[in-house]
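Subject: the two-chain model

Hi,

Here is the structure I promised to pass on.

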Amino acid sequence: MQLPVIGNRDGCASPYGGASRPGMTRRSFLRRGAAVTGGLAALAAAMSPLRDLDGDDLPSFQKLLQKHYKEMSPEEMEAALDRIRKEVEKRYQVRPDIRDFKPMDGVEFVYALNLTRCIGCRRCVYACVEENNQSRDPEIQYIRVLEMPRGSIDIEDGDHHYERSTVPDEHHYYMPVQCHQCANPPCVKVCPVEATWQEADGITVIDYDWCIGCRYCEAACPYWARRFNFTKPKLPKDDLNPTMAYLSNRPREKGVVEKCHFCLHRTRQGKLPACLEVCPTGARKFGNVLDPKSEVAEILRTKRVFVLKAEVGTLPRFFYYFDERDPIDEHVVPSQAAQAVGVAS
Amino acid sequence: MREYLRFLVRCFRLSFVGDWRYYTWMLVLTCIALLGLNAYCKQLVSGLATTGMTDQVSWGLYIANFTYLVGMAAAAVMLVIPAYVYRNEDLHEVVIFGELLAVAVIIMCLLFVTVDLGSPERFIHLFLRFNFPLSMLTWDVIVLNGYLLINLHITGYLIYSAYRKREPNKRLFLVPFVLVAIVWAISIHTVTAFLYSGLGGRPFWNHAIIAPRFIASAFAAGPAFIVLTLQVIGRFTTHHVPVNALRLLRQVIIVAMTINVFLLISEMFTEFYTGADHLLSTHYLYFGLGEHRALVPWIWSAVGINTTALVLLYLPQRNRGLWLLNTACVMLIVGIWIEKGMGLIVPAFIPTPLGEVVEYLPTLNEVLVGLGIWAFGLLLYTIMVRITVPVLKGDLTVDTLHPTEVARMATA
């Protein structure tokens, strides 16, 4: 005896009438269903890495709805600071002292660096990292010290990665570079969302809660002063500096840009930047250039001062100077540049 | 309105109908796009550390592809100008495919910028604090989205008119937009070039020649892509593609590419004859700096490919076959991709403004994200062409049946 096969390949409608609709055979329904299921499964599989998203990393609604720094009322700023306090406490188990310091009236900060005195010990680099809660892994540093051959002022001749048991080396001098807090800052000009701007005291700041991480400012900076958090910053909780400000050293998160801010949480309270305090030779000078009696004003008046890359028109507030002629040392070998013009060794 | 929604639903369903070649092509593209999505999700979790970018080379593959694709969007306008300004009949038949390409390519551009963002969830800040007109990036946001909207309007209007069997109101809804699109297309290249050339701290970009070179190479690569696409459309669909349209595009490519090579020579001469010390980036690109020479083989292959392509284009096309033209087009697409992509973006960061030399190599994850966007763009373009051809031909209109509907009638 022969029986008809149910649901056979000819696509005849199911005798149970379940899946079939007019115009849709059981087979085509199954095929379509399989295609849709397969597609959705593939999509879900593709997006599965999102499961690893850390709940703490997801921006809270409060943060997403937070206004731009310049638009926040004092109450809204207080709410934002409170949120940051809680977040820091949750992540580092330390209650931070975070405030929003405003620029002081009649103050324009200027930095002056004495190249004759700098010995290239890099203490400023690490003091900065500790003060400003930078990521330790990967390590983010705001200050880069170049070891320069005597006889050249061209930073392309500098060595970024010099390793010596002792400094200074007699054939070199040292040039630390950090954010120059330009009066005509290209980074501010290019930011599409105004997440970075120049304050009344001359410090260019970043609202870390506003930066979208496009890194256009990084491309625009002629001094390579900006750093990007390519991944979640790692900072051991014992290393956290709990004294912080909204616009300076509060902990950052992945995907935003940061840079030197002249330690504004210190300097706007009359203290000196961390890099200056740690300097063993007194090569670093900082102060209010609008005050004629300040040390920096005196330096700008009397020393042989220059800025890096004056030709790009950024008008830096970071000045370099040599305060005396280098002592003539018989043992110093003239640089290649000096030899090229005929200086005998 | 209801009719329009029905049109969209029918278009959506039509995109699932095709022969085995269509299914294979779409399946492969979907798989690559999903791989890209997977890679992007990994990037979202771990941050841009999954890419090869560093503080030293802070833009890489993503921005390189973005830059190149902005150039590709020129394909549309190089069909539009002869068709509408010089009233070339042959091009009128294919101009819509250029505009569709512009739509797909601009979407790819926007995706490439989005995946480059460190905090993409904050894109909304663009609507709240828009640094216009100071930041060239805001200009780019405006011109790219504007170009997308204009082309969406032109193509959507033409297709929907054909669907409704209505004669398009050319004077009111078409020609003004087409003319705006021509100027707008120039603007997307100019603005994108200004994005780079306006940075005083990057001597490699800080030239007046960047924008003209950008447009010249765009007007070569875009039409080259269109030449190939039109032949694919002519072969696999019922749409008629006049050979004269291809020949005209060849002329466009020849002129644009010749200008591009001339500008390149001017640039190279100025940089190398002067021998100035601060042009290390160019030196890095063409000859390497010490042991750092990652881009050298790339750029010389681009130079070789582009020169050969130009020679091939200049050769008299004796026989009726198009293989010479096609070879040249493939070479141009690849050559300009190297030159206008990685060759334009990466060297600007090497050495850094402080003279440090750190090289850049994209990671596998980064490459997958990029491939995913390319696959997604091709997928979009295929679907758009898939829908456009039968609608324009009158096979799918408001009162005809959909192929799936025909199939259903047959089985019922």
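Below is what I found in it.

First, the ground rules: this is a predicted model, where local features need pLDDT of at least 70 and side-chain atom pairs count only at pLDDT 80 or more, while totals for chains, interfaces and linings use all residues. Residues are numbered from 1 along each chain as its sequence is written, and chains are lettered from A, with ligands numbered from 1, in the order in which they are written.

**Chain A overall**

Chain A has 10 helices and 12 strands. Both are DSSP runs numbered from the N terminus, H or I of at least four residues for helices and E of at least two for strands. Of its 345 residues, 39% count as buried. For burial, I count other C-beta atoms within 10 Å of a residue's own, with C-beta atoms placed from the backbone: 20 or more is buried, 12 or fewer is exposed, and in between is partly exposed. If you take the contacts in chain A between residues at least 6 apart in sequence, 62% join residues at least 24 apart. A contact here is two C-beta atoms, placed from the backbone, within 7 Å.

**Where the chains meet**

On the A side, 52 residues are in contact with 47 residues of chain B. Elements of chain A that each supply at least two residues to that side are α1 (26-46), β3 (144-149), α5 (186-190), α6 (216-220) and β7 (227-228). Which of them gives the most? That is α6(A), with 4 residues. By class, the side of chain A that touches chain B has 32 nonpolar, 9 polar and 11 charged residues. The classes go like this: Ala, Val, Leu, Ile, Met, Phe, Trp, Tyr, Cys and Pro are nonpolar, Asp, Glu, Lys and Arg are charged, and the others, Gly among them, are polar.

One helix pair spans the two chains: α1(A) packs against α2 (residues 20-46) of chain B at an angle of about 30°, with the axes 8 Å apart. The axes are lines fitted to C-alpha atoms, for helices over the stretch in contact, and angles run from 0 to 180 degrees between N-to-C directions. The two helices are therefore roughly parallel to each other (under 35 degrees is roughly parallel, over 145 roughly antiparallel, 65 to 115 roughly perpendicular, and the rest oblique). Ala42(A), Leu43(A) and Ala46(A) on α1(A) make the contact with Leu34(B), Leu37(B) and Asn38(B) on α2(B). That contact has 5 nonpolar, 1 polar and no charged residues.

**A helix pair inside chain B**

In chain B, the axes of α3 (residues 61-72) and α6 (residues 95-116) come within 9 Å and cross at roughly 160°, so α3(B) and α6(B) are roughly antiparallel. Among the α3(B) residues in this contact are Tyr62(B), Phe66(B) and Leu69(B), and the α6(B) residues they meet include Met108(B), Phe112(B) and Asp116(B). By class, the contact has 12 nonpolar, 1 polar and 1 charged residues.

**Helix α4 of chain A**

Helix α4(A) (residues 123-131) has Cys124(A), Cys128(A), Val129(A) and Glu131(A) as its buried residues. Seen down the axis, they fall within an arc of 165° and so line one face of the helix; the arc is that of the directions from the helix axis to the C-beta atoms. Their cover includes β4 (172-177), α8 (274-278) and β10 (284-288) of chain A. Just after α4(A), Asn133(A) has a positive phi of about 55°. In the loop between α4 and β3 of chain A sits Pro138(A), and the peptide bond into it from Asp137(A) is cis, with omega near 0°.

- Another cis bond runs from Ile350(B) to Pro351(B), with omega near -5°. Pro351(B) is in the loop between α14 (323-345) and α15 (364-393) of chain B.
- Trp224(A), in the loop between α6 and β7 of chain A, has a positive phi near 50°. It counts as buried, with 24 C-beta neighbours inside 10 Å.
- Leu315(A) also has phi near 50°, and is in the loop between β11 (304-306) and β12 (318-322) of chain A. With 13 C-beta neighbours inside 10 Å, Leu315(A) counts as partly exposed.

Cheers
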